[in-house]
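Please load the model in your viewer, show the chain as a cartoon, and keep the selection panel open. The tour below moves from one selection to the next and says what is to be found at each stop.

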Amino acid sequence: MKTTSSTLIELPLAGVESEHCALIVDKGLSKVAGVTSHKVELNNQKAIITAKDAETIPQAIQAIRNLGYDVETVKQTFPVTGMTCASCAISTESMIKAQAGVVDAIVNYASQTVKVEYIPTIVTPQDLKSSIQSIGYDLIIEESADAKDALAEVHRQRLQELKKKTIWSVVLSIPLVVIGMFFMNMSYANYIMWALATPIIVGFGRQFFINAWKQARHRSANMDTLVALSTGIAYLFSVFNTLNPDFWQSRGLHAHVYFEAVGVVIAFILLGKLLEERAKASTSSAIKKLMGLQPKTVTIIHHGGHMVEMPIEKVRVGDVIVIKPGEKIPVDGTVENGESYVDESMISGEPVPVAKQSGAKVFAGTINQKGSFQFKAEKVGGETLLAHIIKMVQDAQGSKAPVQKLVDKIAGIFVPIVIAVAILSFGAWAILGGENGVTQGLMALVTVLVIACPCALGLATPTAIMVGVGKGAEHGILIKDAESLELAHQINAIVLDKTGTITEGQPQVTDILWLQEGAKSRNVLYSIERSSEHPLAEAVADYLGGVAKRVDVTNIQSITGAGISASYNSSTYLIGTEKLLYQNGVLLTDLVKSWSEQKRAQANTVIFFANHQTVLAAVAIADTIKPSSVAAVRQLKDMGVEVYMFTGDNQQTAAAVAKQVGIKQYKAEALPQDKADFVKQLQAKGKMVGMVGDGINDSQALAQADVSIAMAKGSDIAMDVAKMTLMTSDLARIPAALKLSKQTVRTIRQNLFWAFIYNIIGIPIAAGVLYPFNGFLLDPMIAGAAMALSSVSVVANSLRLKVAKV
């Protein structure tokens, strides 16, 4: 193992662009405990430090990042093979973290992966692989498609091998149990059982001893250690008694053998592992479904117009792709020709197919319904929306919930404690157990070691998180990390942005009051608004698009904050606010004033269209409320969540929108800082605050909130900051996300209960606490079955999440 005690570590720096910057970093490093010497080289963009131990490196990197600079690191996820329990995951994680150059490592036992952040100039994936191999596991560092196929083949072969070992162990264990229970006094019974038990322990259970030995060489222990110790001691004790029965009989004791216990314990443990492997494979089905959405071949139109089918890996940006009815769309792009309906439910969660015409965006993984069309590829490979979703789900499934960190600590000290309890049990029985004390103490030692496997403990949280994150992805709720999933159900105050979150975010004309309606007025209004890029002007132009035609307007002038003016046939026309008209000598009639007030009270923005003498029309425009917003707010209130609305819009509009959706607490004309400050105020009152937004102006508040939720149709920045993203504009997904969080946390708690209850009840009974009262001693075979059952029950309970309603 590498250590940093006598090695100079070179940290590649980013953002250090001047001597002043270098001085700041150098000064910052001087305050890191464990850094014995340091030097920053501006020209080489690196810091050279000497550290006392490997743990100092991450601290030094964090210190540099806290100063506003960065250390160039790589984050990569590698599959790990050979892990059999939570203690294996702890050992793997500790070994990788101990390597110089590794900033952080998180092992996910359920998905059999490790996510490593490392400095590539100091440590390489091959170094990590070698270190892991030294303790009996392996790291798959190859990334090609062939390597992935090879890895899948390795998993398949291991599952087949495990299946064979399990079947043969069970086959040999059956006669062992029959002889041990009913024919133990027949001739040569012990020798027959010895012959049957030996292939099980030496052949099918050999891996337990190999792994335990590798762990022992590094002064650590895991579940394999418990199995190897328990079955190994029982086997050697039985062999001794078979060969030397007189040793005990001369002392007035019966020479018991436990070959049947050895065989059955190993058979049960192998059976439990087989069931566990099959169940774990099922927890990641969401990822497999997403990956299966992408077709392997595409049809491309070449410049000559002929079509060519080729592998999806060869598609490049700019290629024109043909999609036929029923085909899956391979990459992201824009429709150029044709039209159809596309099922986007696997990405957006929306069940209704979406119409696609020329200019519409299409996304990889969605399914064409009827009709065919051609589209130009714009994002391929890892850049597609589907690829980002898959990566986000994988990262979330690999992340650790806060409760898992506690479980990891418990699992890390669990095995040594169990070994100590087993030895104490043996000692107590040997001293206080009378003439059969040694024999019964040996049984107690074996049983304690068998029943105490921490497998279920290691599976309790990650399997629930994997299923929960996968279920969220299937319902259009993308969750970035496990912490958000664990915290979301605790939200008791939620702040909603208005535009784009509660409302559609796209202004639309709701009504027009014509005072002089005619083709000329409509055409002039349409033509002037069509020349403007203002969102309100676009709404008017879209509204009139079907009934008006364009005429030649001239002298178009935009008046900032007021409106626009233009000329047509020597007449001047104005479109804008009441103030604009007033400044140009045009007054509103009582009818127009009354109509305007009425529309404003309904959350409409009103603009006016006038010539140089009089008002020709008044137009009411509103950002309409999403159909699901009212029901979503009501559901949140029913769940006990205080709902707030913040918007940069004016007071009148904010009040009207808040009233329509049933929100009593709102703030209008709010700046981005106001939203973040308000989130802080709620947090200061002890609230668990959720923030929902879609714009760049919401990013600050999203970052401040305990749980942040972005709308996928908003800005990329908001989605980057938020820990959850709703793939639809449907606000009803928020109560669904909170419900999913509650179900996942409840499943984790149930899993931990099942993981602990077997040990809490089983270990004292296995040690023999009931014997003084009723003479009961737990059989090692029952202990083996209980241990296997605990893992299976935990995984099965997590899989129940799949059918829960959200």
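Select Tyr 188, which is exposed because its relative accessible area is 64%, where exposed means over 50%, buried under 20% and partly exposed in between, computed with a 1.4 Å probe on protein chains only. Tyr 188 sits in the loop between H5 and H6, and its phi is near 60°, a positive value in a residue other than glycine. The element names follow DSSP runs numbered from the N terminus, with helices (H or I) of at least four residues and strands (E) of at least two.

Before going further, note that this is a predicted model, in which local features need pLDDT of at least 70 and side-chain atom pairs count only at pLDDT 80 or more, while totals for chains, interfaces and linings use all residues. Residues are numbered from 1 along each chain as its sequence is written, and side-chain values use heavy atoms, with hydrogens and water left out.

Helix H5 gives the most, with five residues. Ile 174 lies in H5, and at 52% relative accessibility Ile 174 counts as exposed.

Next, select Arg 600 in helix H22 (residues 590-601). Is Arg 600 buried or exposed? At 18% relative accessibility, Arg 600 counts as buried. Leaving aside residues up to four places away in sequence, Arg 600 touches Glu 578, Val 606, Phe 608 and Gln 652, a contact being heavy atoms within 4.5 Å.

Move to Gln 374 in strand E17 (residues 373-379), which is partly exposed, with a relative accessible area of 24%. With residues up to four places away not counted, its contacts include Ile 301, Val 320, Thr 334 and Glu 336. The C-alpha atoms of Gln 374 and Glu 339 are separated by 8.6 Å, although these residues are 35 apart along the chain.

Now display helix H28 (residues 733-767), whose 35 residues should span 51 Å at 1.5 Å a residue, which agrees with end C-alpha atoms 51 Å apart; the expected span is 1.5 Å times one less than the number of residues. H28 bends by about 25° at Phe 756, the bend being the angle between axes fitted to the seven residues ending there and the seven starting there. Just after H28, Gly 768 takes a positive phi of about 105°.

Finally, zoom out to the chain, which has 30 helices and 30 strands. Buried residues make up 51% of its 806 residues.
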